Amino acid sequence: MLVKHSVISNIGRLSSLSPSSSVLRRQQFLVRTLCGSRFNPLKLIRAMSSTSEADAESILRTITPSLDPKRHKGQAGKIAVIGGCREYTGAPYFAAISALKIGADLSHVFCTKDAAPVIKSYSPELIVHPVLEESYSISEFSEEDKRKVQDKVIGEVDKWMERFDCLVIGPGLGRDPFLLECVSKIMLLAKKSIVPFVVDGDGLFLVTNSVDLVKSYPLAVLTPNVNEYKRLVQKVLNCEVDEQKAEDQLRSLAKQIGGVTILRKGKSDLISNGETVKSVSIYGSPRRCGGQGDILSGSVAVFLSWAQQLKSGPESQKNSSPSENPAILGCIAASGLLRKAAALAFAKHKRSTLTSDIIECLGESLEDISPAS
Ligand SMILES: NC(=O)C1=CN([C@@H]2O[C@H](COP(=O)(O)OP(=O)(O)OC[C@H]3O[C@@H](n4cnc5c(N)ncnc54)[C@H](O)[C@@H]3O)[C@@H](O)[C@H]2O)[C@@H](O)CC1
Ligand SMILES: Nc1ncnc2c1ncn2[C@@H]1O[C@H](COP(=O)(O)OP(=O)(O)OP(=O)(O)O)[C@@H](O)[C@H]1O
Ligand SMILES: [Mg+2]
């Protein structure tokens, strides 16, 4: 309830600034989502129902859009990854290319200048913006010049913000303080434009140290791995992770952060927004090669956008759209698909299975569940 009030009052404030039509559409959607004016508890609740294991395949079938020839480029999703620095170029690439392989139309990456040519060279499909700056490149600058650089970075991202259906903040971002300060401003921009975002990797390092950046923003999804989750629990709940009370602890954590959605990765993926807790335990792969979490974050962004589209589109008028929160649906769908793709890749490659092999299996796995024609 508190979440609803704070978001709705926020919406009121934003409306008074004469927002553009796309912001207005998002505001209207958010009010519908939060106030639940068209609540159809039957269809999807059945799939997600009383036990906590979600029916990921049924959700994938429901939210994956058909390939309608009347649709234009962009309608199947425009995703942006904020990440990529000197050390890490693989992570933002994995997240961004996974979004395309699942079916998004456009995938952008906002990274540092050093990382951009490398990421571009991995794929011509990605739109790469070399805009982020790390401390080393501005170490000689005065405080005023540093502020100017920061304003420029924010301006470059702001130009694009309203076009995106969802951001993925953090894969391969690194932990440079100047860069993270810019990224915290990008999160504020996203919230102002009511753009959903998935926070992963080093984005979670930032959020764990500044929880207010995401607190009570219902369109924020956090996807912590074992270490990132431990740090979040210690910081927010002031205790250690308790495996005996895993579901209750996750629910409390999400509630404490004002109803954001958390996908806790592990043997089973656990998902909560502070109310419901769902798990996805479909068999995946015993290989734990780096980068699988990056596939997941890019996938959550796409499925969240699709679930949100379904909820705000004509289907919702017919009372046949899912009643569940789009962020929860997006997490369940992404987790189910990643695990299916990982199992398929492992069947083919065994010990030599790599993240790129799993990405190659995303299309085939989704096709099995929701055929293109
Ligand atoms: N190819 C790439 O560019 C990749 C970059 N990555 C990026 O690397 C940065 C740091 O992410 P990390 O995931 O390494 O950070 P973490 O803080 O999660 O991991 C740090 C350390 O924890 C250890 N660890 C992992 N799983 C564990 C477990 N189950 N129990 C105990 N210890 C465990 C790891 O061995 C690692 O040394 C992020 O920006 C991330 O996005 C990763 O996504 C992996 C791929
Ligand atoms: N022990 C496990 N058993 C089965 N599947 C797992 C296990 N741990 C993680 N996974 C799967 O791998 C996915 C990625 O989780 P992981 O913990 O590897 O993320 P990560 O550390 O953030 O990855 P990355 O290397 O991309 O940063 C999860 O969604 C989950 O489905
Ligand atoms: Mg990770």
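A residue is counted as near a molecule or strand when its C-beta atom, placed from the backbone, lies within 6 Å of it. What I am showing is a predicted model, in which local features need pLDDT of at least 70 and side-chain atom pairs count only at pLDDT 80 or more, while totals for chains, interfaces and linings use all residues. Residues are numbered from 1 along each chain as its sequence is written, and chains are lettered from A and ligands numbered from 1 in the order in which they are written.

Let me start with ligand 1, which is surrounded by 17 residues, the closest being Gly90, Ala91, Gly201, Asn227 and Gly290. Helices here are DSSP runs of H or I with at least four residues, numbered from the N terminus, and helix 5 (90-102), helix 10 (226-237) and helix 12 each supply at least two residues of this shell. Helix 10 gives the most, with three residues. By class, the shell around ligand 1 has five nonpolar, nine polar and three charged residues, where Ala, Val, Leu, Ile, Met, Phe, Trp, Tyr, Cys and Pro count as nonpolar, Asp, Glu, Lys and Arg as charged, and the others, Gly among them, as polar.

Turning to ligand 2, of the 17 residues around it, those that come nearest are Asn225, Lys265, Gly290, Gln292 and Gly293. The elements giving two or more residues to that shell are helix 12 (292-312) and helix 14 (326-349), and helix 12 gives the most, with four residues. The shell around ligand 2 divides into two nonpolar, nine polar and six charged residues.
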